[in-house]
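Good morning, and thank you for coming. Please look at the structure on the screen while I describe a few of its parts.

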Amino acid sequence: MIKKLTMMAAAAAVFAAGCGKPSDGDGATEGGGAKPKHKIAYVTNGIDPFWDLCAAGVKQAENELGGVECEIHFPPKGLADQKSILETLLTKGIKGIAVSPIDADGQTKFLNEVASETVLITHDADAPKSNRQVYVGTDNYKAGRALGQLVKEAIPDGGEVMIFVGRLEQLNARQRRQGVIDELLDRPHQVLGQVKFDEVAKVFKGDKYTVLDTRTDNFVMDTAKSNAEDAITKHKDLACMVGLFAYNPPRCLAAIREAGKLGQIKVCGFDEDDDLLQAIKDGHAQGTISQQPWKYGYNSVKVLKAILDGDTSVIPANKFIDVGFKVVTSKNIEAFWSEKRKMAALGAKKD
Amino acid sequence: MKKNILGILGLFIFIFIFTAYYSEPFLSAYNMQNLIKWSSLYAIMGIGVAFVIITGGIDLSIGSVIGLVASLMALAIKKGWDPNFAVVMLLGLSLGIGLIHGLLITKVKLQPFVVTLCGLLVYRGISRWMTDNQTMQYPGTDKLDSLFSGKVLMGSFGLPAPLFFLIVVAILAAIFLNRTIWGRYLFALGNNEDGARYSGIETDRLKIVAYVICSFLAGLSGLLFAYELDSVQPAQTGEFYELYAIAAAVLGGCSLRGGQGTILGVIIAAAVIRLLRNSINLLGISTHLEYAIIGMVILCGVAADEIIKRVMARRRTAQVTTARK
């Protein structure tokens with residue numbers, strides 16, 4: 001008996017500690033007397049600063065649009081966690097969900113189950129075979145081509161280019177990479193959804209640019225850096241390093257700095273890591289392509305709210321809402337960075 | 001032994017009632033089905049590692065074995081193998097992995113921590129290499145899908161398939177531990193290995209059996225998780241699951257020093273871990289706090305257990321002394 005009581009007391013203490021603070025997304029207060037708010041959820045594919053920026057957009061939309069109450073979930077460890085979070089949301093009777101599926105094909109059956117219970121949309125990554133209402137995302141192929149343009153600006157006379165990325169299993173990574181390669185080899189534009197992908201281990205030689213083999217690191221930070229170091233070691237004439245995931249360009253820059261080749265090897269990147277932004281400001285990196293993650297969050301909430309309000313005109317015929325991207329170079333770095341800082345602060349804010 | 005179960009059961013009931021009180025949908029059939037499903041999956045892993053922990057050993061490779069089996073199953077389907085044959089082969093492979101662990105630990109006399117830590121790295125690496133680290137699925141195997149992740153309807157309530165696997169595994173494990181001489185020997189071995197050996201128990205063989213059971217159940221979990229998620233990421237699937245399994249075993253009354261443990265305790269502990277996650281989500285506690293809460297509950301549970309055990313022991317000694325007087 002004593003034991004039971006002790007255990008209960010211990011559990012109660014832990015729970016009290018946990019309950020004392022409201023969760024990330026539950027901070028919104030009930031609108032007194034007015035129309036009841038739609039309860040919706042924004043589910044990411046993991047924990048990352050990128051998702052904090054998206055969360056900022058969710059909060060911004062929640063404040064600006066009104067009529068919605070949002071909760072934000074970051075599954076800590078992959079697919080199993082994402083599934084049980086979605087199950088819990090259904091249990092709670094949530095009205096709308098925006099999710100970034102981790103494996104679109106494998107999850108289709110389950111996503112259809114979710115879609116039959118609630119309004120489901122995808123963001124960041126799509127599950128085209130599922131019954132999701134719409135996909136809020138970026139044309140990553142087009143973004144890749146824009147990144148290729150940046151490389152051309154960085155080394156107008158041509159040279160050897162190497163691409164670094166976390167994983168190539170993800171469609172967005174493959175599309176970005178293909179966009180870069182096609183742009184550098186001056187190939188014709190491909191249509192998103194029908195993009196043909198080149199082999200990973202092959203070297204592509206164009207008139208001016210040579211694209212060396214692509215290195216992956218599986219999100220292991222030290223591997224990302226050692227990949228960059230090894231590339232500098234191996235390719236004496238390396239002219240430009242291209243990082244496709246947020247953490248890649250800073251690892252490339254660190255390797256270049258330690259090799260004493262800052263400015264000599266150019267860097268072009270994706271996303272908006274602070275180290276990369278600083279390097280753009282300092283002239284050590286050419287530029288980056290930002291998807292403006294907060295727009296994912298903002299647009300997801302906006303679309304969900306519209307659908308829940310009965311307005312389906314927000315869904316285009318091809319079910320794809322392109323949030324676009326921004327090319328960031330030394331010309332617009334200040335304005336962009338201050339906007340990012342503002343959103344990062346909002347995303348990290350505990351309400 | 002019984003007291004161990006009472007403690008963890010009390011904890012389970014407390015969190016259960018607490019969550020049911022504060023979250024209305026908690027008791028819905030849908031949520032209960034999910035809770036049973038995830039608890040069963042975790043409990044099967046937990047029972048496996050409980051055997052190893054009772055011998056005083058440890059198995060860190062469980063998550064990687066899960067990842068390996070899930071990956072190879074997908075690969076076999078992709079290569080056009082007969083899926084049933086693949087299931088048999090993979091369960092055989094899990095037995096083989098356990099056998100290798102057991103032999104390395106007993107015959108080569110390596111420490112269990114080292115052997116299974118290397119296993120963790122090796123199997124993860126093999127999974128990634130053999131599949132080119134591609135995310136894969138399990139198409140065209142509907143029969144296996146309903147076997148491993150289907151539901152048995154009881155009216156409108158669907159009992160998830162993993163529950164039935166758990167029931168079979170748990171009954172067999174409980175009989176083995178409590179009703180056979182092997183089970184007695186296993187506890188004896190965990191309490192005092194030299195003593196057990198000197199009294200004629202074949203300790204090596206028993207230890208090997210424990211590792212074989214553990215890896216086999218990890219392999220079985222691999223198939224169950226694979227079909228539950230319909231997808232495998234060779235670099236991620238099963239990662240860190242060994243820690244949940246060990247946590248369930250320890251919270252369920254197994255001592256890492258060996259010689260103690262009950263199957264029912266492990267099952268309830270696995271349910272407590274899943275229940276915690278479920279209630280954290282339902283009560284709207286920040287998901288970032290999730291690990292902290294699970295860690296604190298396990299720590300408090302184990303600490304309370306230890307303190308009570310000591311108080312009881314002291315009281316017993318006191319009673320004996322008074323009686324003698």
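I shall begin with chain A and then turn to chain B. Please keep in mind throughout that this is a predicted model.

Let us start with the sheet in chain A. Six strands of chain A form an open sheet, and their order is β2-β1-β3-β4-β5-β13. The pairing in this sheet is parallel.

Which strands of chain A stand at the edges? They are β2, residues 68-73, and β13, residues 320-322. Each of these has a single partner strand, so one side of each is left without a neighbour in the sheet. Neighbouring strands of the sheet are also turned against each other, by 20° on average when direction is ignored.

We can now look at one pair in detail. Strand β1 of chain A covers residues 38-43, and six bridges join it to β2(A). The two strands run parallel. Within this pair, Lys39(A) stands opposite Glu69(A), which belongs to β2(A).

A helix accompanies these strands. Helix α3 of chain A, residues 78-91, lies across β1, β2 and β3 of chain A, where β3 is residues 96-99. The helix runs at about 180° to β1(A).

Next, the division of chain A. Domain 1 consists of residues 29-138 together with 293-323, while domain 2 consists of residues 140-290. The C-alpha centres of these two domains of chain A lie 31 Å apart.

There is also a database record to mention. An unreviewed UniProt entry lists residues 46-311 of chain A under "domain: Periplasmic binding protein". This span is 47% helix and 18% strand, and its end C-alpha atoms are 31 Å apart.

I now turn to chain B, which has 13 helices and two strands. How does its radius of gyration relate to that of a compact globule? With 325 residues, a compact globule would have a value near 20 Å; chain B has 21 Å, which agrees. Its C-alpha atoms fill a box of roughly 75 × 55 × 35 Å along the principal axes. Of the 325 residues of chain B, 51% count as buried.

Finally, one helix of chain B. Is helix α11, residues 241-251, mostly covered or mostly uncovered? Helix α11 of chain B is mostly covered, since 10 of its 11 residues are buried. Among the buried residues are Tyr241(B), Tyr244(B) and Leu251(B). After α11(B) comes Gly253(B), whose phi is positive, near 105°.

Note on methods:
Residues numbered from 1 in each chain as written. Chains lettered and ligands numbered in written order. Predicted model: local features only at pLDDT ≥ 70, side-chain atom pairs only at ≥ 80, totals over all residues. Pairing = 2+ DSSP bridges. Helix = DSSP H or I, 4+ residues; strand = E, 2+ residues; numbered from the N terminus. Axes fitted to C-alpha atoms, helices over the stretch in contact; angles between N-to-C directions. Contact = placed C-beta atoms within 7 Å. UniProt positions renumbered as here; feature names shortened; annotations may be inferred. Domains from an automatic or database assignment. Rg over C-alpha atoms; globule rule 2.2 N^0.38 Å. Buried ≥ 20, exposed ≤ 12 C-beta atoms within 10 Å, placed from the backbone.
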